[in-house]
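Shall we go through this model together?

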Amino acid sequence: MTLIMVPPPETQVEHHLGVLARTCVARSTLEDALTTIVDAAIELTHAQQGVLLLAKSSGKLEVTVARDAQRVSLPLHQVQTSSAVLRRVMGSRRELIVTEAEEDSSLAPQARIGTLGLHSILVIPVDKLPLAEALDATVAGRQSELLGVLYLDSCWPFFHLDREALRMLTRKVAMVVENAALFAALCEKARLDHEVEITRQIQRQMQPVQFPRVPEFEVTGFTVECHAVGGDCLDVVKLSDRCHGLLVGDIAGKGIPASLLASLLQGLFVTIGALDLPPQEVVSRVNRYLCERSPEDWYATLFYAILDSSGRLDYVNAGHVPALIRRCSGRVETLESSNFPVGMFSDAQYTCRTTQIEVGDFLLIYTDGIPEAKNRRSEFFGEAGLRRLLQEFPGQTVDDLAEAVRAGVRAFTEGAPQSDDIAVLAVHYRGANLSTSSVRPARAMRAAKARSKYPLVGRIRPTKLEIPLSKRTDHGTHNDGTRIERHYGCGHERRDRVGGGKQRVPREDQRAAHGGEKEDRLERGEC
Amino acid sequence: MAGKKKIVLNVANVNYIDSTGVGVLVACFNSARSHDAALKLANVWSRFREVLQMTRLLTVFDTYDSEAAAIQSFAKSLRAAG
């Protein structure tokens with residue numbers, strides 16, 4: 001009969017551990033799980049009161065659960081613990097039993113255990129689980145992190161303590177606390193992932209979905225981000241019936257910070273470029289704005305050009321990789337940088353250069369993600385690789401060229417992870433339309449030169465670029481293994497996850513148009 | 001600029017610099033200038049030099065072929081100032 005009423009200690013321990021296991025699985029809150037553990041500790045040690053203190057980010061211990069032997073929660077602010085005993089345990093990281101006989105005289109009167117009417121205190125440190133420590137190689141060899149302490153008060157000495165059972169309880173506390181922290185981190189990551197996804201969608205919508213298709217030239221482009229969002233941008237802005245602004249920009253850095261500045265840069269060019277200013281003045285204004293508004297170590301390299309329907313190309317290369325012209329003969333010419341990047345020096349002066357694009361020529365503007373694409377042997381694709389690709393390019397259309405660049409880089413990298421964002425803008429010049437092109441007379445060129453220092457702000461009337469672009473795609477692989485194919489012109493994106501299914505995401509927000517047409521049309525200026 | 005503090009950055013073993021690195025370098029240069037210090041670069045070769053060339057930063061930074069030449073340039077500027 002007695003044996004039935006008082007189960008042997010092993011059975012009691014097993015009972016508590018069984019309850020704990022069920023609690024940790026069934027209970028949903030951290031407090032419930034920790035309360036069950038404290039109750040079990042009280043029962044195992046026959047203590048009158050059990051308190052669990054957890055370490056906060058500041059390093060201080062805070063009472064999280066306080067229970068008495070009747071399984072009643074105590075008001076946390078009324079719980080008294082001996083700060084001196086806690087300090088000793090935090091210092092030694094070993095369990096400590098203090099009885100009245102060996103009470104530390106250094107304890108402040110209010111912290112003395114005698115004031116609680118109790119006789120003994122048992123304090124057990126709760127250390128981070130060894131496995132979790134081992135995963136973090138940076139803390140290998142150091143003392144494991146203290147998650148908290150289990151603090152038990154008793155009115156009689158602690159006899160016959162089952163230390164192994166108590167150690168199991170503290171390990172259970174560590175597991176519950178760490179699981180809760182991991183869960184919280186997971187929730188936070190999910191929230192951030194959601195925000196990144198929204199940022200990615202916004203950035204994608206800011207990229208041109210339709211490029212102007214005019215008789216004189218064809219243009220296409222694509223971007224491939226290294227991360228979910230990128231720091232490269234491109235745009236084509238219709239400035240007048242005869243002129244289009246071409247922009248490719250590359251913000252220093254990658255990821256969300258770079259994507260913010262890329263969006264700003266693109267917006268600035270669309271706005272300032274529409275003011276009918278010479279390219280160097282557009283770039284100067286953008287530079288001054290960025291110097292005022294962006295962090296000191298942020299800057300962007302860019303290539304901004306105005307392409308006239310006659311084939312005249314006025315360009316500013318601001319610290320950017322050289323744009324390339326592939327002549328009909330197969331010869332490749334470079335449009336080198338002669339300027340500082342933007343956002344670096346507010347007093348930088350920008351110079352414009354001019355070249356002539358001939359019928360049948362291709363113009364390729366890109367970011368350094370192309371020449372700096374690396375294969376698995378850490379070799380760069382290089383500008384030489386791109387020049388060779390252009391020289392040997394057998395295609396006839398701008399789409400062929402974009403695909404050749406994409407395929408060339410993909411073949412070279414042999415599946416190596418993409419190390420930088422990529423943007424490519426390709427133009428195929430087909431010749432001037434007599435009705436719209438003209439050779440600018442010297443007088444007009446001189447006039448344009450004279451007004452290059454003075455902005456001419458015409459009244460701008462929005463116009464729509466009504467001709468849709470043929471479908472084309474670009475590809476990218478996100479860090480999560482998702483492969484992106486972006487189809488310009490049709491408004492769809494296909495995301496393929498390795499080993500997973502495919503889903504089509506309809507693009508609702510087709511950009512209607514961009515650019516503008518000036519009522520007071522002014523002849524394009526000389527730089 | 002002589003400057004109170006004289007800093008030579010020997011980049012002999014740096015054969016690649018990305019855009020973020022250039023940004024940090026320019027920020028360091030501006031910081032040094034605002035604190036009346038002089039920052040010079042020694043052994044700027046390969047891709048590092050190409051990037052500085054492309055961004056016109058070679059016209060901003062004082063670059064030298066060796067660490068000794070960079071250090072010696074401070075002494076020369078001191079003598080010139082004296």
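Residues are numbered from 1 along each chain as written, and chains are lettered from A in the order written. This is a predicted model, where local features need pLDDT of at least 70 and side-chain atom pairs count only at pLDDT 80 or more, while totals for chains, interfaces and linings use all residues.

Student: How many residues of chain A are in contact with chain B?
Tutor: Let's take contact as heavy atoms within 4.5 Å. On the chain B side there are 17 residues, and on the chain A side the number is 20.

Student: Which residue of chain A forms a salt bridge with Arg47(B)?
Tutor: A salt bridge needs a side-chain nitrogen of Lys or Arg within 4 Å of a carboxyl oxygen of Asp or Glu. The count between chain A and chain B is one. Its closest N and O atoms are 2.2 Å apart, and the partner of Arg47(B) is Glu372(A).

Student: How far apart are the end C-alpha atoms of helix α7 of chain A?
Tutor: Helices are DSSP runs (H or I, at least four residues), numbered from the N terminus. The expected span is 1.5 Å times one less than the number of residues, so the 19 residues of α7 (255-273) should span 27 Å. The model agrees, with the ends 26 Å apart.

Student: Is Asp39(A) buried or exposed?
Tutor: Asp39(A) sits in helix α3 (residues 30-45) of chain A. Buried means under 20% relative accessible area and exposed over 50%, with partly exposed in between (1.4 Å probe, protein chains only). Because its relative accessibility is 7%, Asp39(A) counts as buried.

Key. Side-chain values use heavy atoms; hydrogens and water are left out. Helices (H or I, at least four residues) and strands (E, at least two) are DSSP runs, numbered from the N terminus.
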